[in-house]
Amino acid sequence: MGFTQVHDYVAGKLDWLAAGGPIEGTGAAQPRAGGVARADVPTCALDERLGEVRERVKAAGWDACVVVNGERVVLGLLRAGELDGDPGSRIEQAMRPGPSTFRPHVPIAELAHFLVDHDVPNAPITTSDGRLVGLLLRDDALHAAHQAHQAEGEEP
Amino acid sequence: MTQAAPTAGCATCERAIDRCELCDRPDCPTAVCYRCLAVALRQATPQPHDHGG
Amino acid sequence: MPREIDREGVRRLVDQGAQLVEILPPDEYREEHLPGAINLPLRQLEERASEVLDRHRAVVVYCWDSA
């Protein structure tokens, strides 16, 4: 090509999006999982007791809790079913280990579709290195997707 | 004689999987494997990938 | 042979005036691309690079991922 300074960003656009980098284009304005996920979801550690976590989660008005390590890397998930378990059990035993997680850049409409089809009430949103961004609630995803759809219909 | 547990095949690629990657149910009628789910949600590249032109 | 760089490398080079080039198909570029990137699909890269890019500035090319 005759160019002497050529660099290859090998990890590419996926890496950029997964890290939450700014983007341009027709899809730039569409709502994405990272912007809709609730960052204030309760979290807990592996060695806590389920009973104490359940009380804390209920007091905060939630019915789900994400299990993370000291660096906020997601290790597991406690939904209503898991939270109703033996209060004396350790979180490590009670939790749903290794839940499916999704990146912040995933378009909300597509994720909402999957959550509805598979009857999944919520899903952790994480960075590409597994750190928690927030918990995406199915109802929030549907609401955001609906709003985006309406906004598209209103554009001239 | 014991019956084998139901196993799900990925509804997209038909790869044998023992449960749906998204909902974790072995009897999910639209079970999806990790790879197909990641591709569908743009977290991975479908193979082979066309660079266009 | 292009030098491999990471995300921080991209930011640094762009700040220094590098040209960003997305080599994916036009539809994918139009939907979303890195800020300031231009689109030169891979099959057109050799043919059109000289006419579209400044030879005296660094060039950073990228695709969807490492696949």
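Predicted model: local features only at pLDDT ≥ 70, side-chain atom pairs only at ≥ 80, totals over all residues.
- Strand S1 of chain A, residues 6–9, runs parallel to S4(C) and is joined to it by four bridges.
- Within that pairing, His7(A) sits opposite Val60(C) of S4(C).
- Further along, strand S2 of chain C (residues 19–22) pairs with S3(C) in the parallel sense over two bridges.
- Val21(C) has Ile38(C) in S3(C) as its bridge partner.

**Contacts between chains A and C**

- The contact between the two chains involves 28 residues of chain C and 23 residues of chain A.
- On the chain C side, at least two residues each come from strand S1 (3–5), helix H1 (7–15), helix H2 (26–31), helix H3 (42–52) and strand S4 (59–62).
- By type, the chain C residues that touch chain A are 14 nonpolar, four polar and ten charged.

**Other strand pairings in chain A**

- Chain A also has an open sheet of four strands, in the order S2-S3-S4-S5, with mixed pairing.
- Strand S2 (43–44) and strand S5 (96–97) stand at the edges of this sheet with a single partner strand each, so one side of each is left without a neighbour in the sheet.
- Strands S3 (residues 65–68) and S4 (residues 74–78) of chain A run antiparallel and are joined by four bridges.
- One of the residue pairs here is Val68(A) with Val74(A), its bridge partner in S4(A).
- Elsewhere in chain A, strand S6 (residues 122–126) runs antiparallel to S7(A), and five bridges join the two.
- Ala123(A) is placed opposite Leu136(A) of S7(A).
- The hairpin of S6(A) and S7(A) has five residues between its strands, and Gly130(A) takes a positive phi near 85° there.
- Strand S7 of chain A (residues 132–137) is mostly covered, with five of its six residues buried.

**Val106(A), a buried loop residue**

- Val106(A) is in the loop between S5 and helix H6 (108–117) of chain A.
- Val106(A) counts as buried because it has 23 C-beta neighbours inside 10 Å, and 20 or more are needed for that label.
- Beyond its neighbours within four places in sequence, Val106(A) is in contact with Arg32(A), Ala33(A) and Leu111(A), as well as Leu41(B), Arg42(B) and Gln43(B).
- The C-alpha atoms of Val106(A) and Ala148(A) are 14 Å apart in space, and the two residues are 42 apart in sequence.

- Arg72(A) is not a glycine, yet it has a positive phi of about 70°.
- Arg72(A) is placed in the loop between S3 and S4 of chain A, and it counts as partly exposed because it has 14 C-beta neighbours inside 10 Å.
- Asp119(A), another residue other than glycine, has a positive phi near 55°.
- Asp119(A) belongs to the loop between H6 and S6 of chain A, and is exposed, with 11 other C-beta atoms within 10 Å.

**Confidence in chain C**

- The average pLDDT of chain C is 92, and 99% of the residues score at least 70.
- Within chain C, confidence is highest in S2(C), at 97, and lowest in H3(C), at a mean of 89.

Technical notes. Residues numbered from 1 in each chain as written. Chains lettered and ligands numbered in written order. Contact = placed C-beta atoms within 7 Å. Nonpolar A, V, L, I, M, F, W, Y, C, P; charged D, E, K, R; others polar. Pairing = 2+ DSSP bridges. Buried ≥ 20, exposed ≤ 12 C-beta atoms within 10 Å, placed from the backbone. pLDDT = per-residue confidence, 0-100.
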